[in-house]
Amino acid sequence: MDFYQAAKEEIKRSADIVELIGQYVQLKKAGLNHVGLCPFHGDKDPSFSVSSTKQIFHCFGCKKGGDIFTFWMEYHKVSYSQAIKELAEKYHVVLPEKKITPEKRHELDLKEEIYRINGAAAAYYNYILVKTALGKKGIGYFDKRSITPEIIDRFKLGYASEDWDGLTRFLSGRDVNLEKAEKAGLLITKKNGGYYDRFRGRVIFPIFTMEGKVAGFGGRVLDNSLPKYLNTPETSIFHKGELLYGLNTAFPHIRETGRVVIVEGYTDVLALNKHGFYAAVATLGTALTQNHLRKLKGFSREIIVVFDADSAGKSAAVRSLPLFLNEGLSARVMILPEGDDPDTFMNSRGLDAFLSHLDRAMPLYDFYIESKLKTVEPGIAGKLEILKEVIPVLSEITSDIQRSVYIKHLCERCDVSESVVLTELNRLRGTVSGKGNIARLESVQTGSGVKSLKEYHLLNLIIHSPGIAGRALVDDFKMLISTDEVVKIFNILAEEYRLKKNIDPAQILEHMQEGQERDIFNEVMLSEPIYKGPAVEQAVLEFENRIYDIKLSNSINEAKSSGNIEKLNELVKLRKAI
Ligand SMILES: [Zn+2]
């Protein structure tokens, strides 16, 4: 019998498959069952069926089916035991512990102990803030931001006084093992023995886990000294890339409305709460991670990232697009009016205005393309840059429907044909070999003695488009040439460019000695240009990409032969990213 059988039964009792799958798939009631578009294959008619009475799902298209555990495994691409762990956490079911080694036991005990110490510290900071004269400065800070006593209580805000050892004395008075308090990141070891407090002269924001345990703290100075924010260092329970500030109080509201707002800082979460908007969280001063999104995905269908107009966070939003696309999450971006933060916005316009702004928030994908179009050079080069960045991301999206929507939009906005993007996508997915125009042109025949067509094209390009000489007549481009005569021609052209900063092919031909190089040069001069107009720029880019590929492959081979696995992984990832 399955070791987790009892726990599985309990999870099944707490969970409803329609409700669970409904968080990820739009389901409609149809007879006894609920149906929707299958998340596992490119489904156009709803062939995905969920039975509430049997607590199973089945797809009549791709034949995938099973219970909530199967769904979780397939949907989140996790192992069986991971699925059980995550669902147990989601439905607050305690799992039996597998034979635990003494080391593991010790580690778990330490974690529990750290949570306990953090809980005590949070209570201490809150007490100092609310009940003592030392806390006046903290109260002053919160007052200025009109953070009410209710909010202070709901978020258990606190104050760490300027004392070097206020918390240290408090904890030792309560028989807390100070070594463990140091492991919790609360205390710092003195050079000559003993401890002092990490957080001093700061207002304190306890950071809770979903279950409401204190994982760590954020502390903010009251003046303009640095660092403005100080967080608990990474400990066995405090991982910035996984925790979200405010999630413990926000998640029932997120589940209810199906959407969550991500703001920039702790005080933004507080401000929104104060004005009656509860489904808000903040990262702990770091960029969003895959783990953050997976946490939110269980409760919310949609994520809205809110930024101040002047914020550096905007570029972070742009960078986070691949994360959202990969998670299949719909995300939008709301930029506050110039000079506003969530608090001032709510103060001057109120909750309704905020909500209607949210409704009109721009899809992150559009925001991404619009911001990119603003930063890249106008014209074909800039568009290519965007395509080069977005296409690999699109190739990772598993849902065919979603991908085609994104492609359509990309093509419309960048004014390129869908076939160009699709060809690139297929190339990335390994179904079509070759590299765009140059590869397609390689079926062209030439009578010259040039060994490879690629060299012929390169020569044709340089000779017929002298404007790009500065970019093409550099040493790297020689990597693309293997015919001796072409190398010689290249060298002559490069020398000419070095001396005159431009090239005049006709004049060069005139001064060339009789021989095979001259014949080749002549043939290319007389042939039609292969690349015209915008194709010139694209061709240069393709050649540059080839060079980059060659260099990368060389580095990969080097890393392979020297056994540098770390480097190898990094390079392979890079290659995948091209
Ligand atoms: Zn299916």
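This is a predicted model: local features need pLDDT of at least 70, side-chain atom pairs count only at pLDDT 80 or more; totals for chains, interfaces and linings use all residues.
Two strands are taken as paired if DSSP finds at least two bridges between them. Strand E14 (residues 302-307) and strand E15 (residues 330-335) run parallel and are joined by six bridges. Within this pairing, Val 306 has Met 334 of E15 as its bridge partner. E14 also pairs with strand E12 (residues 259-263), again in the parallel sense, over four bridges. Here Ile 304 of E14 stands opposite Val 261.

E14 is mostly covered, with six of its six residues buried. In a regular strand, side chains alternate between the two faces of the sheet. Glu 302, Ile 304 and Val 306 point one way from E14. Ile 303, Val 305 and Phe 307 point the other way. Both sets are buried.

A separate description applies to strands E1 to E5. These five strands form an open sheet in the order E1-E2-E3-E4-E5, with antiparallel pairing. Strand E1 (28-30) and strand E5 (65-66) stand at the edges; each has a single partner strand, so one side of each is left without a neighbour in the sheet. E1 runs antiparallel to strand E2 (residues 33-36), and three bridges join them. Lys 29 has His 34 of E2 as its bridge partner.

Lys 99 lies in the loop between helix H4 (80-90) and helix H5 (102-131). Lys 99 counts as exposed because its relative accessibility is 84%, and the cut-off for exposed is over 50%.

Conventions:
Residues are numbered from 1 along each chain as its sequence is written. Side-chain values use heavy atoms; hydrogens and water are left out. Helices (H or I, at least four residues) and strands (E, at least two) are DSSP runs, numbered from the N terminus. Buried means under 20% relative accessible area, exposed over 50%, partly exposed in between (1.4 Å probe, protein chains only).
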